[in-house]
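Hi everyone, thanks for coming. Let's take a quick look at this one together.

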Amino acid sequence: MSAHRRLDQVLLERGLVDPDAAARARELRLERGGTLLGAFQSLGEVDEEALTAALAESSGLPRVAEIRPAEIPGELTRAVPIQFAKRHRVLPLAEEDGRVVVALADPDEVEALHDLRVLLRRPLTLRVAVAGQILHAINRAYEQGSDSAEELMEDLADEGLASLAQELEEPQDLLDASDEAPVIRIVNGVLFQAVKDRASDIHIEPFERELQIRYRIDGVLYPVLTPPRVLQAPITSRIKVMAGLDIGEKRLPQDGRIRIKIAGKDIDIRVSVLPTAFGERVVMRLLDKTTVLLDLEELGMEGPRLEAIKELITQPHGILLVTGPTGSGKTTTLYAALSRINSQDVNIITVEDPIEYQLRGIGQIQVNPRIDLTFAAGLRSILRQDPDVIMIGEVRDLETAEIAIQASLTGHLVFSTLHTNDAAGAVTRLVDMGVEPFLVASSVLAILAQRLVRVLCPACREAYAPSAEVLHPFGLAPSDLPEGKLFRPTGCAACKFTGYRGRTGIYELLPVDDQVRQQVMGNIDSGAIREGARRRGMLTLRDDGVRTMVAGRTSAEEVLRVTQEQLI
């Protein structure tokens, strides 16, 4: 396609570049090849918006005001590979009168337009758009347009699963399989749908007659797919190949890692393979590297408790422990705390297993037991790096606990996690590990226990007047509720008919004050420590859950589910 006027002429007329810059762009185009637009983008002297407006004028093509990925037909995105679309920054938008309307960043890429006509098998109507706008829309459009894992299974059923299973009996054949191989398509579909559905874990579980695939979404497992049992071995082998594991070893547990990109998102996947009676069980933990770290305020903390946490994380020394079961958001809370105090004049070093998020300006050490780089060994090395703040992924043993306490007593602020049911239990847990009570009393600043509750979907939550039976476990009366109402889940397309979308934290903060120190020194049990703290005003996990429930953010059933041990 020939331009009506040259791009450099339009930019000169608009005063966006001077003659020297225009000459440099022309020289750059001659040196490197490509288009004039690419040369101006390399120089970086004109912002994308102004450059696109000038390009529209020079080419005589209209601009796209807004791209709506949700309205793009799936047949168009399926016809154009995502790699092609991203490389040439083109995206088919719609079909009009037998032609395909296409948004593109550079109409001078003649060869790409020719290839696009071949892929779509129809003539094109061109529209100009900003490159960044197109790339963002590509990610969203291909994310929604991709086949789900269930659709892939239906397609494979039409092809005959028994014959496919015979083709794929030998795991080593998967190494040479093309991207269109059925098992590769199944695994890719399962991973893609997991990211699309915001799953944190994928469980692939073999049973006697079937293979079950489940996703953990917002902390709850949901069945997604039930492929035939004959596909268990090839699916497991494909995942092992991706994770760099030994596909021939089926008797021992194996752990690995997969790094992939899905719809523009960098996803880090931790893979665990475990032999069971009916074959190997696979669990994959998905970590989205593009996830933005939350502030403390966005984690569900508020009021005096939030102010207390802000004050604790700026103390010069001592230990702040965050407790709760696996998957309760402990690491996210610590990352939020580190992000708040991270600055040029503070040296922060962490030792983690695994490193879930990369934190700019913070030194992070990955635990590796194979080479004896344990939490304790890493912590010893950290102390020789002149740190101000140390984060230990988890206190798992006496050795780690003692080094952490010594670090806090020698002028370091230490953050760590511990697996206990409530805040008071962390104190007695340290003593049970073998730490001297006087060391616990003198080093621990506070303990924060937490859980995650699912947030009611704002699109479909329903107000109702709860019965006395519903309110009884929480010690509430109808008069304690705003307008006598609570909210409950109903389910809609926006929340995949679960009634919930996302999670928020509920917290229990136990400051280690003089009374707690005396109780620790006297070897008082955790129940007495907890009751004493409650009398002095500590809000328990149940109390905070009730606050979140009354505010309409979660349901009574959800609070009951995550704080069951405190409702006795």
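So, what pLDDT does the chain average? It averages 85, and 91% of the residues score at least 70; pLDDT is the predictor's confidence in each residue, from 0 to 100.

Some housekeeping: this is a predicted model, where local features need pLDDT of at least 70, side-chain atom pairs count only at pLDDT 80 or more, and totals for chains, interfaces and linings use all residues. Residues are numbered from 1 along each chain as its sequence is written, and side-chain values use heavy atoms, leaving out hydrogens and water.

Where is confidence lowest? In helix α10, residues 161–167, with a mean of 46, while strand β10, residues 318–323, is highest at 96. Helices (H or I, at least four residues) and strands (E, at least two) are DSSP runs, numbered from the N terminus.

Now the sheet. It's open, with six strands in the order β6-β5-β4-β9-β8-β7 and antiparallel pairing; strands pair if DSSP finds at least two bridges between them. β6 (220–225) and β7 (254–262) are the edges, each pairing on one side only. Between β8 (residues 265–276) and β9 (residues 279–288) there are 10 bridges, and Pro 275 sits opposite Glu 280 in β9.

Last, the inside. The largest nonpolar core has 49 residues, and Ile 67 and Leu 91 have the most contacts inside it. By nonpolar core I mean buried Ala, Val, Leu, Ile, Met, Phe, Trp, Tyr and Cys residues joined through side-chain atoms within 4.5 Å, buried being under 20% relative accessible area with a 1.4 Å probe, protein chains only. Contact means heavy atoms within 4.5 Å. Helix α8 (residues 131–145) gives this core the most, six residues.

How values were computed
Buried means under 20% relative accessible area, exposed over 50%, partly exposed in between (1.4 Å probe, protein chains only).
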